[in-house]
Amino acid sequence: MSTEAVKWAMDDAPMLRTASGKPDATARHVLQALAEHADRHGKNAHPSVTRLQYRTGLDRRTVQRALRRLEDAKLIGRDGAVKDRTRWQLSLNLIRPASDWDDIERAEDASREAAAERQRRSRARRVTHSNDVTVTPSEGVTESDVTHSESARHALQMRDVTHFKSGRHALSAAVTTNQPPVEPPTTELAEVGDHSYPSQGLAPNAPIDDDGFALNDGMRRWAHRDGYAALVDVDYETAQFVDHFRANGQRRSNWAAEWQKWIRRSAKFATDKRGTSNVFQLPTGQTLTGTDARVAGWLALSNDEETP
């Protein structure tokens, strides 16, 4: 093995390109394996195709096609034969242009700039813009312990007077000592199918609200068709699903698929809990425990699944 030939194959040999303009990594790999058998002048390289297969991990036809591409590009040339093997000579005089390195550096810089731009856009989506910020002018405050708010952007319609000295929360504090506390008005609900799931008004809309997730007839039919509706309360689980993603503020690319995963997990949990219970109440009033209870639970689950 020659250090000069191997270095040339790894660093200095011109890079072949595929039809789409990308580096021909397969041909490069074969060239490097071939260089390991050449002398310092790039001559006398005669490994068998089987040996090149073993070195590269490529199949026989792939190795043969790569050798043909290298030969067509004049990077290697035939120099006789040894037994039944072709003897190759490497063209160490061919050197790749310096612009190859510059192209790689430009591509790396472009990749870093694109990643930075994605981060900037992501931060911009999370930042509250000035048009969405409520500003309370100082001249609008009439008392030192009273704050007036004219904003209509709160998740709940808030009272416009907060008495800090009253010790009451702004949502229920009375304007005067003679006026009873007023409960906050209800907010507009997120409609899901025939049921509404309130957000409790503690924060602006979450992604699940903005994306308009809704339980529809097709989703109900899926739950009944696959037997999940017999194991869990679909409306209750949907409410739990909405509250969960409203609380953590996460976004999903496919809310319907995420909902199906939630229903399947809930059904499995209900099945596991029911099937492993150590206590089972028969319709006759008799209570079973231990193994008898587990068997009775499995039978009851089977009967539930068979019931249309």
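This is a predicted model: local features need pLDDT of at least 70, side-chain atom pairs count only at pLDDT 80 or more; totals for chains, interfaces and linings use all residues.
Helix 2 spans residues 25-35. Its buried residues are Ala 27, Arg 28, Val 30, Leu 31, Ala 33, Leu 34 and Ala 35. The cover over these residues includes helix 1, helix 3 and helix 4. Strand 1 (76-82) and strand 2 also contribute to that cover.

The largest nonpolar core holds 24 residues. Those touching the most other members are Leu 31, Leu 34, Leu 67, Leu 70, Ile 76 and Leu 90. At least two residues of this core come from each of helix 1 (3-12), helix 2, helix 3, helix 4 (60-72) and strand 2 (85-90). Helix 2 gives the largest share, six residues.

Leu 70 illustrates the contacts made by a member of the largest core. Beyond residues up to four places away in sequence, Leu 70 touches Leu 16, Ala 27, Val 30, Leu 31, Leu 75 and Ile 76. Of these, Ala 27, Val 30 and Leu 31 are among the buried residues of helix 2.

Packed helix pairs are described by the angle and the distance between their axes. For helix 2 and helix 3, the axes come within 10 Å and cross at roughly 115°. Angles of 65 to 115 degrees count as roughly perpendicular, so helix 2 is roughly perpendicular to helix 3. The crossing is right-handed. On the helix 2 side, the residues that meet helix 3 are His 29, Val 30, Ala 33 and Leu 34. Their partners in helix 3 are Leu 52, Arg 55 and Thr 56.

The axes of helix 2 and helix 4 come within 9 Å. They cross at roughly 85°. This pair is therefore also roughly perpendicular. Helix 2 contributes Thr 26, Ala 27, Val 30, Leu 31 and Leu 34 to the meeting. Helix 4 contributes Thr 62, Ala 66, Leu 67, Arg 69 and Leu 70. Val 30 and Leu 34 meet helix 4, and both residues also meet helix 3.

Thr 56 lies in helix 3, which covers residues 49-56. Thr 56 is buried, because its relative accessibility is 12% and the cut-off for burial is under 20%. A polar atom of the Thr 56 side chain lies 2.7 Å from the backbone oxygen of Leu 52. The backbone nitrogen of Leu 58 lies 3.2 Å from a polar atom of the Thr 56 side chain. Leaving aside neighbours within four places in sequence, Thr 56 is in contact with His 29, Val 30, Ala 33 and Val 63. Of these, His 29, Val 30 and Ala 33 belong to helix 2.

Two further residues were examined. Asp 100 is placed in helix 5 (residues 99-126). With a relative accessible area of 12%, Asp 100 is buried. Not counting residues up to four places away in sequence, Asp 100 touches Met 15 and Arg 17.

Ala 230 sits in the loop between helix 7 (217-225) and helix 8 (234-248). Ala 230 counts as partly exposed, at 45% relative accessibility. Its C-alpha atom is separated by 8.7 Å from that of Ala 267.

Notes:
Residues are numbered from 1 along each chain as its sequence is written. Side-chain values use heavy atoms; hydrogens and water are left out. Helices (H or I, at least four residues) and strands (E, at least two) are DSSP runs, numbered from the N terminus. Buried means under 20% relative accessible area, exposed over 50%, partly exposed in between (1.4 Å probe, protein chains only). A polar contact is a pair of N or O atoms within 3.5 Å; within protein, one must be able to donate a hydrogen and the other to accept it, and residues adjacent in sequence count only if both atoms are side-chain atoms. Contact means heavy atoms within 4.5 Å. A nonpolar core is a set of buried Ala, Val, Leu, Ile, Met, Phe, Trp, Tyr and Cys residues joined through side-chain atoms within 4.5 Å. Axes are lines fitted to C-alpha atoms, for helices over the stretch in contact, and angles run from 0 to 180 degrees between N-to-C directions. Angles under 35 degrees count as roughly parallel, over 145 as roughly antiparallel, 65 to 115 as roughly perpendicular and the rest as oblique. A crossing is left-handed if the near helix is turned anticlockwise from the far one by less than a right angle, and right-handed if clockwise.
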